[in-house]
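Colleague: Could you take me through this one? I'd like to talk about the ligand and then about the pockets.

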Amino acid sequence: RILAEHHVQLLDPSELMRPEPTFADKNPSKFRDYSVDTTDPLKERVRQTYRQMHLNQTVDFVKGRREHWLKFNTIKMTVREALEKLNDLVDESDPDLDLPNIIHAFQAAERARAEFPEHDWLHLTALIHDLGKIMAFYGEPQWAVVGDTFAVGCRWGDSIVYREESFEGNPDGDNPAYNTELGIYQPNCGVDNLLMSWGHDEYMYNVLKHNKTKLPHVACNIIRFHSFYPWHNGGDYKHLEAPQDAETKKWVLIFNRYDLYTKSEVVPDIEALWPYYQTLIDKYLPGVLEF
Ligand code: INS
């Protein structure tokens, strides 16, 4: 009976969506610090990555990268092989994690597993949510792989990090077709109709669909929008939301707790965890994938 109560408590949605998680290794307000300090190498690394992103991500650029990557003819690999590649990737846009990305994958997955033990699809979603970052090993600069995403083709959201200065010189800012509140979109067109800045979210979403994953659609949507902070965290782009986006946002926000607040120096025992996660890979995303 005690166990059952504990279980119910863990699954209470209001608890799950509380902004302050109790499991974080540092004060939650200390995450996502994008303040500028040009003498701090980590802060500068983050700022420069976003500067390149905000300068170069235009409608034309995004269309070009989609054209290139969505042929899925670059890489053939299993999920495990792709995850192991992330051992060599430190995300240059992330002020909260200076460790290889595979560690973050397991940190997030284990937290999802602890809070939603019965939703095995969510554990796998957390494990693979950043897998699209393997683009960085195949010629893509980090500014087109990592970091928060935003919609191109309309005015940039006010809550985008470094919004004030870092878009200076981006030609879309001078283009009247792209620089209005609606830009190329219809009101309430829905987030899945937005042309997103090119990065690992949109790529991995498409990889999942291309490889006919058995993960539920909401899992694919979590992956597609998990870095769209200006939307799910900043409150921008409301005029482009469709009613069905509320469900996506709810799950993205639940997921965000595992994604953001588990970032810490505590390294999980990855070898010991593989067998469990391999069963999930075999169930939902087996074999060699086309990336
Ligand atoms: C996260 C988030 C972080 C960013 C990471 C990304 O989802 O957007 O801010 O640094 O690259 O994976």
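Colleague: How does the shell around the ligand divide by class?

Modeller: Bearing in mind that this is a predicted model, the shell around the ligand is made up of 7 charged, 5 polar and 4 nonpolar residues.

Colleague: And which residues are the closest to the ligand?

Modeller: Of the 16 residues that surround the ligand, the closest are Asp91, Ser93, Gly147, Asp148 and Ser227.

Colleague: Where does the ligand sit?

Modeller: The ligand sits in the largest cavity.

Colleague: What is 3.1 Å from an oxygen atom of the ligand?

Modeller: That is a polar atom in the side chain of lysine 133. For tyrosine 34, a side-chain N or O atom lies 3.4 Å from an oxygen atom of the ligand, and for histidine 226 the corresponding distance, again from a side-chain N or O atom to a ligand oxygen, is 3.5 Å.

Colleague: How much of the ligand does the protein bury?

Modeller: The protein buries 98% of the 310 Å² that the ligand exposes when taken alone.

Colleague: OK, changing topic: what volume does the second largest pocket have?

Modeller: The volume of the second largest pocket comes to about 200 Å³, and 13 residues line this pocket.

Colleague: Which of them lie nearest its centre?

Modeller: Phe23, Gln107, Arg111, Thr262 and Ser264 are the lining residues that lie nearest the centre of the second largest pocket.

Colleague: And how does that lining divide by class?

Modeller: In the lining of the second largest pocket there are 7 nonpolar residues, together with 3 polar and 3 charged ones.

Key: Residues numbered from 1 in each chain as written. Predicted model: local features only at pLDDT ≥ 70, side-chain atom pairs only at ≥ 80, totals over all residues. Heavy atoms only, no water. 1 Å grid on protein atoms, 1.4 Å probe; cavity = no way out; pocket = protein on both sides within 12 Å on 5 of 7 lines; lining within 4 Å. Points joined across faces, edges and corners; volume = space filled by probe spheres on them. Nonpolar A, V, L, I, M, F, W, Y, C, P; charged D, E, K, R; others polar. Near = heavy atom within 4 Å. Polar contact = N/O pair within 3.5 Å; in protein donor to acceptor, adjacent residues only side chain to side chain. Areas by Shrake-Rupley, 256 points an atom, 1.4 Å probe, with all protein chains shown as cover. Sits in = over half its atoms within 2 Å of the grid points.
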